[in-house]
Amino acid sequence: MNNKQQKSTEAKSKYQAKINKKNLVLGSVIATLIAITPYLFDLYESVPDVKVWNTFLFNYDSQYYGSARVLAWTLSNKTIPLILIFIWFFTCRHWWYHTLLVPIAMYIYQIIIILNDDLNYVDNNQILYLIPVMAIVIPTIYLIRARIFNKINEATKSMQELEDEFKISPKNFWEKIKEYF
């Protein structure tokens, strides 16, 4: 091997080590976040069980729930699953991961309703607001599925090869976010 090839190989090796270290750190952060979700859920217990909660940041008067702790408990019941579904969405390797946008939209809608103004029951008519999301996601998933079955009928590829073919692999986290919005 000549000197130029050796330098190129060393540079690739250093680059791979840097990427592997970055992936290890990111994977560790994600795993830690998943592992501490039971503790995050229990944070509502630190909120006082009072109708009016005064802090140095804000004042909250619980009109609908009657207690700031009940509001905190309700929010934690929506935000923890939302965080876990976001992690699943951004780390999923399968072709169907876009279907996760439906429960993501549902949880975001529920959180907005909870925070809105304590006037309505949380789950009223949420399906009406999810219809636009489902109108985009469901046909998209069906078209991807149809393309996969067409490819299966045309050639003898394994399911993993087909999933790899449909995968879009952006370079970093922000590019993946930009892909969807």
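**Contacts and overall make-up**

I began with contacts, meaning heavy atoms within 4.5 Å. Among those between residues at least 6 apart in sequence, 54% join residues at least 24 apart.

A note on the ground rules: this is a predicted model, where local features need pLDDT of at least 70 and side-chain atom pairs count only at pLDDT 80 or more, while totals for chains, interfaces and linings use all residues. Residues are numbered from 1 along each chain as its sequence is written, and side-chain values use heavy atoms, with hydrogens and water left out.

Next I listed the secondary structure, taking helices (H or I, at least four residues) and strands (E, at least two) as DSSP runs numbered from the N terminus. I found seven helices and two strands, in the order α-α-β-β-α-α-α-α-α from the N terminus.

**Surface and burial**

I looked up the accessible surface (Shrake-Rupley method, 1.4 Å probe; for residues, only the protein chains shown count as cover). The protein has about 13,100 Å² of it, and carbon and sulfur atoms account for 63%.

How many of the 181 residues count as buried? The share is 26%, with buried meaning under 20% relative accessible area, exposed over 50%, and partly exposed in between (1.4 Å probe, protein chains only).

**Nonpolar cores**

I then searched for nonpolar cores, sets of buried Ala, Val, Leu, Ile, Met, Phe, Trp, Tyr and Cys residues joined through side-chain atoms within 4.5 Å. The largest has 19 residues, and Leu 71 and Phe 89 touch the most other members. Helix H3 (68–91) and helix H4 (101–117) each supply at least two residues of this core; H3 gives the largest share, eight residues. I also noted a second, separate core of six residues, among them Trp 95, Val 137, Ile 141 and Ile 144.

**Aromatic pairs**

Last, I checked rings of Phe, Tyr and Trp (its six-membered ring), which pair if their centres lie within 6.5 Å; planes under 30 degrees apart are stacked, over 60 edge-to-face, and the rest tilted. I counted five aromatic pairs.

Why is the pair of Phe 41 and Tyr 44 edge-to-face? Their ring centres are 5.5 Å apart and the planes stand at 65°, so the pair gets that label. Phe 41 is partly exposed at 24% relative accessible area, whereas Tyr 44 is buried at 17%.

Tyr 64 and Tyr 65 are also edge-to-face, because their planes are at 85°, with centres 5.1 Å apart. Here Tyr 64 is partly exposed at 38% and Tyr 65 is buried at 17%.
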